[in-house]
Every structure is written in structure tokens, then in C-alpha cells.
Amino acid sequence: MAVKLGYKTTEMGVIPEEWEVSNLKGVSLKITDGEHVTPRRELNGYYLLSARNVLNGRIDVSDVDYVGVAEYRRMKQRCGPEHGDILISCSGTIGRIAVVPPKFECVLVRSAALVKVDSKLADGIFLQFWLQGEKAQRQIASSVNQGAQPNLFLNHIERLVCPKPPLPEQRAIATALGDLDRLLDGLDRLITKKRDLKLAAMQQLLSGQTRLPGFHCEWEPITLSQLGFAYGGLSGKSKADFDSGNCPFVTFMNVMSNVVIDPAQLGNVRVSSSESQNLVIRGDLLFNGSSETPEEVALCAYVDCDIPDLYLNSFCFGFRLTDRSKTNGSFLAAFFRSSQGREIVKSLAQGSTRYNISKPALTSAVLTLPARDEQDAIWEVLADMDSEITCLHDRIVKTRAIKQGMMQQLLTGKVRLV
């Protein structure tokens with residue numbers, strides 16, 4: 001097949017004629033790993049990074065060790081990360097890439113490697129994106145030593161083949177992809193802010209501390225058993241029944257993770273027509289019956305769609321409202337996940353290493369609830385907030401897809417910026 005005018009065939013495939021091919025050693029001043037001798041750790045001081053702190057595109061210090069001044073100075077002599085240097089995780093989850101940000105003082109242990117880029121030959125951010133890309137990750141995966149503890153060694157890193165566009169083009173590519181990363185970071189921060197606002201709204205609205213306009217009636221106490229009845233999940237099932245099931249069932253994690261059941265997260269179970277099992281129907285509330293902490297017992301999820309022959313896993317139980325015209329099931333699900341609902345459940349849970357709640361105990365709970373019209377209004381506010389967060393999630397997914405496409409085009413020279 002003829003090569004397009006202005007391009008050439010290389011060991012990396014077809015690239016622009018102005019581009020060169022190098023290995024990582026050829027564009028670096030130094031490639032080394034972190035400290036081999038176990039350093040003395042302190043409660044605070046300078047960051048001591050390992051592979052777990054190297055995430056794709058950033059350094060994570062949420063779970064980081066520290067060294068004091070003396071250890072820091074000693075370790076810097078071997079491996080002194082500076083602004084613009086590339087860090088690579090070499091054990092555990094191998095091949096994650098990050099660039100050292102400005103004014104970030106740290107040292108490394110041997111599970112992370114350091115690449116000091118020659119700024120006259122290459123741009124560190126460009127190489128970060130290249131190393132995160134599909135072609136480089138394939139090289140890394142094929143280089144990993146598959147022993148008892150898989151590792152990526154320095155000689156493997158030195159031999160990684162990379163493109164070498166002219167420096168102005170490297171910087172233009174790095175800027176374009178960096179702009180998308182900054183957009184993604186901004187969206188992540190906005191989602192965090194929206195979640196915090198929603199939690200605050202739940203605290204205020206579901207407790208009655210803040211009332212929506214037009215609502216003034218007193219909230220009334222009511223026992224959950226007055227609203228409906230509880231039923232159990234699947235019984236008498238073996239592992240084999242879940243290998244080739246003919247009916248959908250709601251999994252434990254689906255209940256734990258969602259205020260409203262996600263139909264895309266259902267499992268399958270074999271149930272014969274002769275069995276007596278409880279069906280789950282639209283409008284039911286589902287609760288997990290146990291957890292490792294009392295805060296996560298009886299998290300509630302609402303069934304908001306019609307799914308024929310739907311069952312519930314055996315570690316959960318359901319609750320069916322007897323008069324749905326008086327109670328908004330979605331509101332109740334949100335209520336049980338609020339701080340007020342959590343306090344009620346925690347007072348009823350039993351256990352020491354694992355906490356459980358029985359159906360009779362939960363249905364004996366006394367809830368203080370507003371009238372149905374106020375329940376509807378509160379749920380509408382919370383649902384709108386959820387919709388905003390979902391839209392932002394969708395935008396992140398689309399932006400990541402755009403970035404992936406741009407990386408494939410820009411890092412191979414199929415699309416040129418200079």
C-alpha cells in the first residue's frame with residue numbers, strides 16, 4: 001500500500017516525514033528508579049512516593065508516606081524528582097504515568113521510576129500523553145517481567161520506542177491534550193461540588209429543617225409497618241442456580257449503590273415455575289439486610305420500572321407499600337439514605353463484626369414524614385439535582401472519548417497542529 005505524501009514508514013508505523021523515532025533513553029538525561037534501601041518514615045515531612053501514588057496524569061497524595069529532612073537529602077542524591085520529570089509505576093498496577101508538577105518536593109521508593117526528559121529534545125507533557133497511549137502501553141505490557149511479582153525494569157523503560165516530532169509540534173500536541181485534561185478536572189470538581197450540594201439539600205429537606213415554598217403543615221410520625229409490609233429475598237438457591245439463570249434478580253450491590261434500582265445491573269438466576277419465591281414489582285423498596293458497618297445497613301433502593309419475573313437476592317429484603325397514593329417510594333428511599341434515616345437504622349442494627357437488621361426491626365421504625373404532596377416536591381428537587389450530576393457524568397464520558405480519539409490522531413501524526 002502506497003504511503004501518503006508527506007509520510008514515511010517506520011518501526012512505529014506510518015508517521016510524518018519531519019518526525020523521528022527514538023527510544024526513551026535517547027530523549028532523556030537520566031532514567032532511574034527510587035530508593036532501594038528502606039527509608040525511615042516520619043509522620044510528616046517530605047513526600048515519599050511509591051507506585052500507588054502514581055496515577056495516570058497526576059500524583060495522588062491521599063495515601064502517602066513521609067520522610068524527614070535528612071532522609072530526603074540523602075535520597076535526592078540518587079533520584080531527585082523535579083518539575084517536568086516523568087514518573088512511571090513499575091510494580092502493582094504497572095505503566096501509570098504522571099509528570100511532577102511545579103514546587104512539588106518528593107522522593108521515590110523503587111516501585112516508581114523517574115525519567116528526566118532532555119528539554120532540548122522532547123516535551124515532558126507530550127511524552128506523558130504518548131506513554132499513556134495505546135501503542136506505548138502495549139510496549140510496556142510486553143516488557144513486564146512476569147515473575148511472582150511482575151515488574152517493569154529500567155532497561156525496559158529505556159527501550160520504549162516513542163515518536164519525536166519537532167519540539168514546537170510536541171508542545172502544541174501537549175497543549176491541546178492538556179486543555180482536555182483541564183476540562184475533565186474541572187468537570188470532576190463540579191460533580192464533587194454538586195454532590196456536596198445535594199447532600200446538604202437532603203440534610204435540610206428530608207429533616208424538615210428547610211421547607212419548600214408553599215408547604216407549612218406539620219410532619220407526622222408514622223411506623224413503617226403502617227405503610228406496607230416486608231418480604232424476603234430468594235431462598236434455597238445454590239451457586240449453580242446463578243450460572244445459567246432464566247430470570248432477572250436484583251443484586252446486593254445494586255441495592256447498596258443506587259437510590260433507584262439500575263436495570264442494567266441485574267443478575268440472572270434459575271427459578272422454576274414450581275418454586276414459591278417472592279417477586280419484586282414496580283414501586284417496591286429494597287433494603288440490604290447486613291453490612292460491615294452500621295452506617296451501611298438497610299440502605300434503600302426504589303424499583304421505578306416494570307421488569308417481568310424479577311427477584312431479589314437472599315441478602316436483601318423488600319418492602320411493598322399498600323397505598324402508594326399516600327407515600328412516594330422514591331422519597332422514602334432517599335429518606336433512608338439521609339442522615340435522619342441512617343440514625344434510625346443504626347439504632348436498630350445489631351452485631352459487632354458484621355451488622356444486621358431484621359424485617360420486624362425495620363418495620364417497627366418510626367418515621368416523621370410530610371404529606372404526599374410535599375414528599376413529591378422534595379423528591380423532584382433531589383431528582384433534578386441527580387439529573388444535573390448524571391448530565392455532567394455523561395459529558396465526562398464524551399470528553400474522555402474525544403480525548404482518546406485526539407490522542408490516536410495527534411500522537412501518530414495523522415492530524416497535524418503545526
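Buried here means under 20% relative accessible area, exposed over 50%, and partly exposed in between, with a 1.4 Å probe and protein chains only. The model is predicted: local features need pLDDT of at least 70, side-chain atom pairs count only at pLDDT 80 or more, and totals for chains, interfaces and linings use all residues. Residues are numbered from 1 along each chain as its sequence is written, and side-chain values use heavy atoms, leaving out hydrogens and water.

**Stop 1: phenylalanines**

Select F336, which counts as buried at 0% relative accessibility. Rings of Phe, Tyr and Trp (its six-membered ring) pair if their centres lie within 6.5 Å; planes under 30 degrees apart count as stacked, over 60 as edge-to-face and the rest as tilted. The ring centres of F335 and F336 are 6.0 Å apart with planes at 85°, so this pair is edge-to-face.

**Stop 2: the nonpolar core**

A nonpolar core is a set of buried Ala, Val, Leu, Ile, Met, Phe, Trp, Tyr and Cys residues joined through side-chain atoms within 4.5 Å. Select F287, L362 and L367, which touch the most other members of the largest core, a set of 38 residues. Helix α7 (residues 329–337) gives this core its largest share, 6 residues. Helices (H or I, at least four residues) and strands (E, at least two) are DSSP runs, numbered from the N terminus. For a separate core of 36 residues, select I97, W130, I157 and A174, which are among its members.

**Stop 3: two tyrosines**

Select Y46 and Y72. Their ring centres are 3.8 Å apart and the planes lie at 5°, so the pair is stacked. Y46 sits in strand β6 (residues 46–49) and Y72 in helix α1 (residues 69–78), 26 residues apart. Y46 is partly exposed at 24% relative accessible area, while Y72 is buried at 8%.

**Stop 4: the largest pocket**

On a 1 Å grid over the protein atoms alone, a pocket is an open set of points where a 1.4 Å probe fits, with protein on both sides within 12 Å along at least five of seven lines; lining residues have an atom within 4 Å of a point. Select G57, R58, Q128, Q132 and D181, the closest to the centre of the largest pocket among its 40 lining residues. Helix α5 supplies the largest share of this lining, 9 residues.
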